[in-house]
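Let's take a friendly walk through a protein structure together. Keep the sequence and the 3D view at hand as you read.

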Amino acid sequence: MNTVPFRFARADYPLARHTRYRIGGPARLALFPPTRADMEAAHHWLLDTQTPFIVLGGGTNLLIDDRGYPGCALFTTGLRGVTEAARDHFAVGAGVALADLVRQVMLPNNYRGVGALTGIPGTVGGALFMNAGTANGSICGLAERVDLLRADGLVSQPLSPEMYSYRGQAFCGDNCVITGATFAFSRSDRDETEVYRHYMRRRSETQPEGWCCGSVFKNPPGDHAGRLIEAAGLRGVRHNGAVISDKHANFIMNEDNARFDDVLYLIALAKDTVRERFGVELREEVRIIRAAG
Ligand SMILES: Cc1cc2nc3c(=O)[nH]c(=O)nc-3n(C[C@H](O)[C@H](O)[C@H](O)COP(=O)(O)OP(=O)(O)OC[C@H]3O[C@@H](n4cnc5c(N)ncnc54)[C@H](O)[C@@H]3O)c2cc1C
């Protein structure tokens, strides 16, 4: 790898503790740009040197190979800051925790949309990339524009509904970094703090605690991946340290020092069994980063 011209670079940097799965070997290089300008310089350098990279937000939807990643892990931790740009409009850095956006901006102002975002871990940038949400809506529907670092530089992209879909979007492709977004909120006519409490309670009743990525699979149209996996008889099935949760079958937990391959084994088992039993093809929501390819 080329000589790295940044003081915020680390070589052979272990990734496991930066993922909610607590799985993942070292990246050959990790960059922690402390400011937006540093992020721009880092991104420019990565493209210029053709260094492959992955962006890491909160690592809550990532399953990384324990053999490591042969490129660069680009961390968004430095992209902080929440600014009120205009009435009910907030410019938010991609590295801000989504929970902080909910608790420090949305709840105090009783903004609509709390039900869509309550209890989702990770960062605002990761949530926008994934179009994270719940049955009550998703984050891209609340954003007016996103700031993107692309090959042609920094772009402020207005968002419209055709640019995003269920757990996906078309505005940030390969080699793109979301540096922030402007949210346009509106006041709710119900008590959003009650909504927040309700959905936090629901999560603790229905979801297991521990090392995981939340839902492993997207819900197929008109059904729930968890229901299908449970109906296929796979609840509680283990492979070494990994287990399909008893509490929520769309959660595969790292219960006891699971390896990357242990989780992949259960992912493949769930997909194969659900396909054979019900003819439904489950698609991963979790982003899988392999050591090769
Ligand atoms: C207990 C639990 C519950 C969950 N519940 C939900 C839920 O209800 N709904 C839901 O949608 N998700 C849920 N998730 C999944 C996850 O929290 C979301 O997808 C979250 O938005 C990911 O954010 P992150 O910052 O952790 O992203 P990461 O895991 O760091 O990254 C996810 C993907 O986004 C990319 N990425 C991250 N930041 C950027 C950026 N700034 N620019 C470009 N690309 C970027 C990464 O490269 C990767 O491909 C849950 C996860 C857990 C562990």
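We begin with a definition: a residue is buried if 20 or more other C-beta atoms lie within 10 Å of its own, exposed if 12 or fewer, and partly exposed in between, with the C-beta atoms placed from the backbone. You will find Met-106 in helix α2, residues 98-109. Helices (H or I, at least four residues) and strands (E, at least two) are DSSP runs, numbered from the N terminus.

Before going further, please note that this is a predicted model, in which local features need pLDDT of at least 70 and side-chain atom pairs count only at pLDDT 80 or more, while totals for chains, interfaces and linings use all residues. Residues are numbered from 1 along each chain as its sequence is written.

Now step back to the whole chain. The protein chain contains seven helices and 18 strands. Its radius of gyration is 19 Å, close to the 19 Å that the globule rule gives for 293 residues, so the chain is as compact as a globular protein of that length. Here the radius of gyration is taken over C-alpha atoms, and the globule rule is 2.2 Å times the number of residues to the power 0.38. Along the principal axes, the C-alpha atoms fill a box of roughly 55 × 50 × 30 Å. Of the 293 residues, 41% count as buried.

Next come contacts: two residues are in contact if their C-beta atoms, placed from the backbone, lie within 7 Å. Among contacts in the protein chain with a separation of 6 or more, 64% join residues 24 or more positions apart. Beyond its neighbours within four places in sequence, Met-106 is in contact with residues including Tyr-111, Val-114, Phe-185 and Glu-192.

How is the protein chain divided into domains? There is domain 1 (9-75), domain 2 (82-192) and domain 3 (208-289), with bounds that come from an automatic or database domain assignment. The C-alpha centres of domain 1 and domain 2 lie 22 Å apart. Twelve residues of domain 1 are in contact with twelve residues of domain 2. On the domain 1 side, helix α1 (residues 36-48) provides the largest share, five residues. Sorted by class, that side has four nonpolar, five polar and three charged residues. In this sorting, Ala, Val, Leu, Ile, Met, Phe, Trp, Tyr, Cys and Pro count as nonpolar, Asp, Glu, Lys and Arg as charged, and the others, Gly among them, as polar.

Let's look inside. In soluble globular proteins, nonpolar side chains tend to be buried together. A nonpolar core is a set of buried Ala, Val, Leu, Ile, Met, Phe, Trp, Tyr and Cys residues joined through C-beta atoms within 7 Å. Of the 83 residues in the largest nonpolar core, Ala-73, Leu-74, Leu-128 and Ile-252 touch the most other members. Helix α7 (residues 260-278) gives the most to this core, with six residues. Leu-74 is in strand β5 (residues 69-75), and it counts as buried because it has 22 C-beta neighbours inside 10 Å. Setting aside neighbours within four places in sequence, the contacts of Leu-74 include Leu-31, Leu-46 and Val-177. Leu-31, in strand β2 (residues 26-31), is buried too, with 26 other C-beta atoms within 10 Å.

What surrounds the ligand? The shell has 31 residues, and the closest are Gly-57, Gly-122, Gly-125, Gly-126 and Gly-214; a residue is near the ligand if its C-beta atom, placed from the backbone, lies within 6 Å of it. Helix α4 supplies the largest share of the shell, five residues. By class, the shell has 16 nonpolar, 13 polar and two charged residues.

Finally, visit two loops. Asp-88 sits in the loop between β6 (82-86) and β7 (89-93), and its phi is near 65°, a positive value in a residue other than glycine. Asp-88 is partly exposed, with 14 other C-beta atoms within 10 Å. Asn-257 is in the loop between β17 (252-254) and α7, and has a positive phi of about 50° although it is not a glycine. With 12 C-beta neighbours inside 10 Å, Asn-257 counts as exposed.
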